[in-house]
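Subject: Handover of a structure and notes on its contents

Dear colleague,

Please find below the structure that I am handing over to you. I would be grateful if you could look through it alongside the notes that come after it.

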2 protein chains.
Amino acid sequence: MSIIVLRLGHRPMRDKRVTTHLFLAARALGAEGAIYSGVRDRSVEESISEVCRDWGGNFKVEYTENWKRTIREWKKGRGKVVHLTMYGLPIQDVISEIRANPSEKLVVVGGAKVPPEVYHLADWNVAVTSQPHSEVSALSIFLHELFQGRELYREFEGARIRIVPQERGKKVIRVGEGETEDLSPFESI
Amino acid sequence: MSIIVLRLGHRPMRDKRVTTHLFLAARALGAEGAIYSGVRDRSVEESISEVCRDWGGNFKVEYTENWKRTIREWKKGRGKVVHLTMYGLPIQDVISEIRANPSEKLVVVGGAKVPPEVYHLADWNVAVTSQPHSEVSALSIFLHELFQGRELYREFEGARIRIVPQERGKKVIRVGEGETEDLSPFESI
């Protein structure tokens, strides 16, 4: 099932890091790409494309000037819309229905004030707890539940850097250079 | 199982929002409290305690000047240490062992460069994917896996505000005032 994340109302000064975290989490946990509205922010786009160049995969970030049109066109031509909001129905009650629906999903994640229309355009308003926390957290648990943990095994094509999991320490392979780098030798401890 | 999050190396300018998101996610997903090192930041502490006052529960944030001592004392007197890092062992391979261990857990989450010693002090170095993403995401999936989704049903004692999940819209109850507030009537749409 193909997933695109739509981040609403990005504000470069305030949201730069949170939006970057959101997009990186989206990529790592199996979304295909992201679209954002608000103020265009090339530095976020560049951070993400640098990560993709080094770590592989085809995650794409696009900007939209008109989120409403983006949602409407998605509904007309591509698939369904999930809106993550603390006011929605508990994820544990709706995730199987969403998972069972085979269409592509646009996962809408609010920034600052979310316009009421989003609640109406969404096919599902989904809450990851009804407590205030973080869109990064909500999206991550949503994707993890949607993919039922299979996203943790995902590999990224064309990666230049790969980590070899270690009980202690850091082992990084620079692909192509046939070079294994131990970034922190720990001898000093 | 009682969980405390230790956030390393907080930098007020750069990390304010990400650390706030991290602590809110920790609270919402079942941790008991958080400790942070780096530069003390009263505004983060106040944001969290405001949330606790309104939304209930006993989540506490503390500051430590010496994270190393905090970890060592934890290991001596209270329990085990989990360090979340993209270089560690895959969560799917170690979570049952961590879950089966009944002791309290200190979950260490890096900020900027994590000192090598953390990898050695940790009882488990755990990776939520070996891809770069977000400490908020990693912590959220870790807690969700640890508690096996039961954290989503958690209720918070003494809450003044409570959300009534809705398919569409926002329904908020101000507890004690016996008042139900519909924050966005939507009639205008």
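This is a predicted model: local features need pLDDT of at least 70, side-chain atom pairs count only at pLDDT 80 or more; totals for chains, interfaces and linings use all residues.

Contacts between the chains

Chain A and chain B touch through 44 residues of chain A and 44 residues of chain B. On the side of chain A that touches chain B, two or more residues each come from α1 (12-28), α2 (42-55), β4 (79-90), α4 (91-100), α5 (116-121), β6 (124-127) and α6 of chain A. The most is given by α1(A), with 6 residues. By residue type, that side of chain A divides into 22 nonpolar, 17 polar and 5 charged residues.

One part of this topic may be followed in detail, namely a pair of helices. Two packed helices are described by the angle between their axes and the distance between the axes. Helix α6 (residues 135-146) of chain A and helix α6 (residues 135-146) of chain B have axes that come within 8 Å and cross at roughly 50°. The crossing in which α6(A) passes α6(B) is right-handed. From α6(A), the contact is made by V136(A), S137(A), S140(A), I141(A) and H144(A); from α6(B), it is made by V136(B), S137(B), S140(B), I141(B) and H144(B). These residues divide into 4 nonpolar, 6 polar and no charged.

The sheet of chain B

In chain B, 6 strands form an open sheet with parallel pairing, in the order β3-β2-β1-β5-β4-β6. The edges are taken by β3 (60-63) and β6 (124-127) of chain B; each has a single partner strand, so one side of each is left without a neighbour in the sheet. From one strand to the next, the twist averages 30°.

Strand β1 of chain A

Is strand β1 (residues 3-10) of chain A enclosed or open? Of its 8 residues, 7 are buried, so β1(A) is largely enclosed by the rest of the structure. β1(A) pairs with strand β5 (residues 104-109) of chain A in the parallel sense over 5 bridges, and V5(A) stands opposite V107(A) in β5(A). β1(A) also runs parallel to strand β2 (residues 33-38) of chain A, to which 5 bridges join it; here H10(A) stands opposite G38(A) in β2(A).

The residue A159(A)

A159(A) lies in the loop between α6 and β7 (161-163) of chain A. With 19 other C-beta atoms within 10 Å, A159(A) is partly exposed, because the count for a buried residue is 20 or more. The C-alpha atoms of A159(A) and G56(A) are separated by 3.7 Å, although the two residues are 103 apart along the chain. Leaving aside residues up to four places away in sequence, A159(A) touches W55(A), G56(A) and V175(A).

With kind regards

How values were computed:
Residues are numbered from 1 along each chain as its sequence is written. Chains are lettered from A and ligands numbered from 1 in the order in which they are written. Axes are lines fitted to C-alpha atoms, for helices over the stretch in contact, and angles run from 0 to 180 degrees between N-to-C directions. Helices (H or I, at least four residues) and strands (E, at least two) are DSSP runs, numbered from the N terminus. A crossing is left-handed if the near helix is turned anticlockwise from the far one by less than a right angle, and right-handed if clockwise. Two residues are in contact if their C-beta atoms, placed from the backbone, lie within 7 Å. Ala, Val, Leu, Ile, Met, Phe, Trp, Tyr, Cys and Pro count as nonpolar, Asp, Glu, Lys and Arg as charged, and the others, Gly among them, as polar. A residue is buried if 20 or more other C-beta atoms lie within 10 Å of its own, exposed if 12 or fewer, and partly exposed in between; C-beta atoms are placed from the backbone. Two strands pair if DSSP finds at least two bridges between them.
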